[in-house]
Amino acid sequence: MFRAELVFFLRKRLALLGSLAVAAATVFGVFSLSGTDPFSFRDMRLTSTLSAMGAARSAAVAGVLAVGLVALLWLSRDKRSRTEALVLSAADGTRLLLSRVAVLTLYALALCALCVLVTLITWVAASLTANLGALLQAVLLVTLPALVLSLLLCTGLYLLFDSLDAAFLGLGTLFFISLLSGDYRLRWVTTHVNWFSDFAGSDMLAPPMAFGRLIACLCFGSLFLHGLLAMRRYGYGAHDSLRTRRSRGALGVLAAVLTAGCVAAYLAEPFVDRNSPLLKQTEISRWGTTEDTPTVNEAGGLRMKSLRSDALLDTEHSRITATATYILESAANTREISFDINSGLNVEHVLVDGAPGRFSLEKGSLTVLLPAGASEITVSYGGGIKSPSLQSLAGYIGRDSVYLQEGSNWLPRPRGLADAAFALTGSITAQEHLTFAVPGRLAELEEQNSLRTWHYAMEIREVDVALYGGVYETRSFQAAGVPVELYVSHGHMEASLGRDIPSVVEDIVAFYTDALGPYPFDTPLRVVETSLYKGGGHSSLNLVTAAETVFHMKKPGADTEASMASFAWMNAVDLLAHEIAHQWWGSGVTAAYEPPWSDEGLASFMANAYIAHAFSRQEADGMGLYPWISSVEEQKDSYFADDEALAKVSESKRDQILGDRLHAQLYYEMPLLLMGMEKELGAEVFWERLSGVYTLSQDSGSVSWDIFCTAMGVRKEEVRYERYYADFPA
Ligand SMILES: [Zn+2]
């Protein structure tokens, strides 16, 4: 029966059309770098690692539809041609169905093989060095499961409802949910991963991808079994068909087990950190209502003398084992101290003044009880790192890439710390092939048994300690008297030098030194390439990062439209300039947060001023002024600008709206206010006063909105968007 069905299937034109669609989608996928992000990827050099995921995703989208449609038309064939009676009186319905499913499974496998073959041919044609490993991984994790899932889904729906329309509708609905959902567990067509990083490997991505697939397989597998149970015997209704089915007991139990497994796996999802204070602190609770701001350690002004951190990485298993010792100046008035800690980490023990201490750990929060006069707390902890979002990782430990940004709370961060400087010393130990960009001064590099330990030291004010590891090459150079170290992945150094990234950094540092004053640290400025698993850039202490999209761009003008190419490049320069500006506003002097007053506004303004200096005022306005005004206007015109409208929506929707509003205030409105000031005061006076207030604020390390306005010689209540931009042509 199987052979007969196979022969029959091969003669069908629809299956051939489906294959052509998958082949075409694969070719499109290889070249679709700009598909997900119009700016960052625009001018990036194409590599086989990057395009492997593009090909697999495109093939999955086309393949899911091809397999689904072919399956539905094939399964309903007898019914549509009214030969059902003829066929089913001559054959066992179940056996016939299973042979057809087997043929369709072969079809799905053939489509995956086609995707691999077409990708390899396309790579050869485009003279790209093939990365077969990345391609097979992408196809096995993305394309193949998606096609099998499509088959299970369509067959299950068709049998369950005995209706082609219901099955089409179900496929279409779940297809769009998968493409649009932000929840990786629902993304059964393409998974949550858009691209494989060109240098960071994908070992840290595979577990959540496979887990998402497992949930979908359990769900659709259960649906398929339910379909089998409900499968109509010719001439019977659903109920009678079920009653007369011999294997209904076993099938029913199996279906129930799969359903229970699916629900359990969905709920016990182990990869996303839903309690991350990162989510709350940066976007939502800092907005408006102050009661959401963490107020633990209410004695306030907990003063720290020093912090010692030692971490050992197991990059094979994505794990960290670490101890952190916090020496407090005096804990006389403090009963307990609370830390933000990544919820993937487990605390093994806590010592208070050398003796075992009492502590509680829940939902990413560690609280340690302090006896009167206690001054030393040592926390021993370990585990993996979770992120609040899998699309943009706050931290990960991979074989060839380690990203431990402070926002991941890989190092427990005490809340309610007084704003005073203290000494940080630390070490990070990992496999010797990794090079680490560490904060502060690199004190010593030890090598032992194929491990390397990087010791660092620095004076800091907040526990903003980030560590970035990779298979890096480094370059050292001077920028306006500041020693700079560039950490770029091995394969991207040539492109970075081709774009002359060192000169760009040098020019940016020189511009800020000239405009504001000297670089705030006596340690080197480290500029570090990070993977696209966290887009954009970041800055903390003397470390600046930017995603690989900045470091692997094509040479100017090469095979892209000149205007788009230069626009992409200008965006990359703007990103670097923004992050480097945080070395002055953020690391050097912090703007005491009072939205829209923030480091973000100052950094965006400084970067835009640099773009005007390096390119032209007109181009800087095209990237800054105009889009910023339209974003601010959009917020003001928003239906939800009205508090009553806002009160009516759900809490999660409200958080999202308030988050967007806050983003517009910090990143767009604030720089616009500074531009307004500059225009009113005149450039010369403005920049002289700006540099003055920066220099004056260096001792205390922070500057409030009030003090800033006074120092700039403007009245705070007059610094308003409406006043500066009232007559701006819309
Ligand atoms: Zn920023």
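Buried means under 20% relative accessible area, exposed over 50%, and partly exposed in between (1.4 Å probe, protein chains only). The model is predicted: local features need pLDDT of at least 70, side-chain atom pairs count only at pLDDT 80 or more, and totals for chains, interfaces and linings use all residues. Residues are numbered from 1 along each chain as its sequence is written, and side-chain values use heavy atoms, without hydrogens or water.

View A. H582 sits in helix α16 (residues 562-584) and E600 in helix α17 (residues 599-614), so the pair ties together parts 18 residues apart in sequence. Helices (H or I, at least four residues) and strands (E, at least two) are DSSP runs, numbered from the N terminus. H582 is buried, at 7% relative accessibility.

**View B. Strand β3 and its partners.** Four of the five residues of β3 (residues 336-340) are buried, so the strand is largely enclosed by the rest of the structure. Strands pair if DSSP finds at least two bridges between them. Five bridges join β3 to the antiparallel β7 (residues 365-369). S338 has T367 as its bridge partner there. Two bridges pair β3 with β11 (residues 413-414), also antiparallel. F339 stands opposite P414.

**View C. Surroundings of L690.** Contact means heavy atoms within 4.5 Å. Leaving aside neighbours within four places in sequence, L690 contacts L516, W585, F605, M606, F708 and M712.
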